[in-house]
Amino acid sequence: MTSTTNTNAPLVVIPASTNNIIISPLQRGNPVLEYIRNVGKEFGDIVADYQVGRTTGVLYLSLKYHRLHPEYIFKRIEKLGISYNLRILLILCDVSEHREPIRELTKACLINNITVMVAFSLEEAGHYLTTSKQFEFKSPDLIKERSEKDYSSILRATLTAISKVNKTDVQTLRTAFGSFANISKATTDQLQNLPGFGQVKVKNIHNTFDKPFRNQATSSLAHLPSLSKQPQPQVVAPSSNAPPAVPQTTRTNTREESPAWDIESPTDRQASGERGIEPFDIELDL
């Protein structure tokens, strides 16, 4: 096993075989090693726990161990530094109260540009390590959506979006009706006569083409008057001898108008004060 250096990157350990995962000596005796299958394994002096690619390193942490030694993983992250282009923290969730420690670890990983992966069993953790190594040289096209442009593919993708409708049903519909337009106009009786079309499937297809896209709730919102279009109250500046004017607001909706304000004259106010009634004191800031 040899090692190479780069001026911009830390030491990289090259495995004896391209199919091998390099394992840190710190991981000797870890039961997860039994579940790393279909790839080779070898021990090497690496800063990560598992090197699943020349540019990918994995730190492994059991939450049960983290509860006893909370400082351990932060020292490992500090030691890892900028090693590897892709740094992963593989967490084994083996405690019942796991939300708070995972939240704390995720926060630390965000700061240090580390990807978090959570496994809920040793077998799942081993599968993640194995898959990461097997897909080291695979193209990202494997996980990209494959969108076809021909009519049959578009028709299949459109109709299978309806609940309970599968690819066989799409072929049956195309054979019976010929085109998407004819399928959308098919009656319930015509659909029920097709093989494999039960009441639930027919109802789903019928609702898809016959029900409006906008329901009653969204339609009613469109008729509500916009607040920005409502007329603004107009205040007329009073003369020196005239009493204060009341803002007049034009109402365009159908709601019942509020009763007119009762503005008392100075004489009425004096009479009200004599009766012990506190008069309104309406002031306009003009």
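Glu-100 is exposed, with a relative accessible area of 51%; here exposed means over 50%, buried under 20% and partly exposed in between, using a 1.4 Å probe and protein chains only. The model is predicted, so local features need pLDDT of at least 70 and side-chain atom pairs count only at pLDDT 80 or more, while totals for chains, interfaces and linings use all residues. Residues are numbered from 1 along each chain as its sequence is written, and side-chain values use heavy atoms, leaving out hydrogens and water.

**Salt bridges in general**
- A salt bridge here is a side-chain nitrogen of Lys or Arg within 4 Å of a carboxyl oxygen of Asp or Glu.
- With that rule, the count is 4 salt bridges.

**Within helix H3**
- Glu-100 pairs with Arg-103 in a salt bridge, at 2.6 Å from N to O.
- Both residues sit in helix H3 (residues 99-111), 3 residues apart, which is about one helical turn; helices are DSSP runs of H or I with at least four residues, numbered from the N terminus.
- Arg-103 is partly exposed, at 47% relative accessibility.

**Lys-133 and Glu-136**
- These two form a salt bridge whose closest N and O atoms are 2.8 Å apart.
- Lys-133 is buried at 6% relative accessible area, whereas Glu-136 is partly exposed at 24%.

- Lys-201 forms a salt bridge with Asp-169, and their closest N and O atoms are 2.6 Å apart.
- Lys-201 is buried at 12% relative accessibility, and Asp-169 is buried at 4%.

Technical notes. Helix = DSSP H or I, 4+ residues; strand = E, 2+ residues; numbered from the N terminus.
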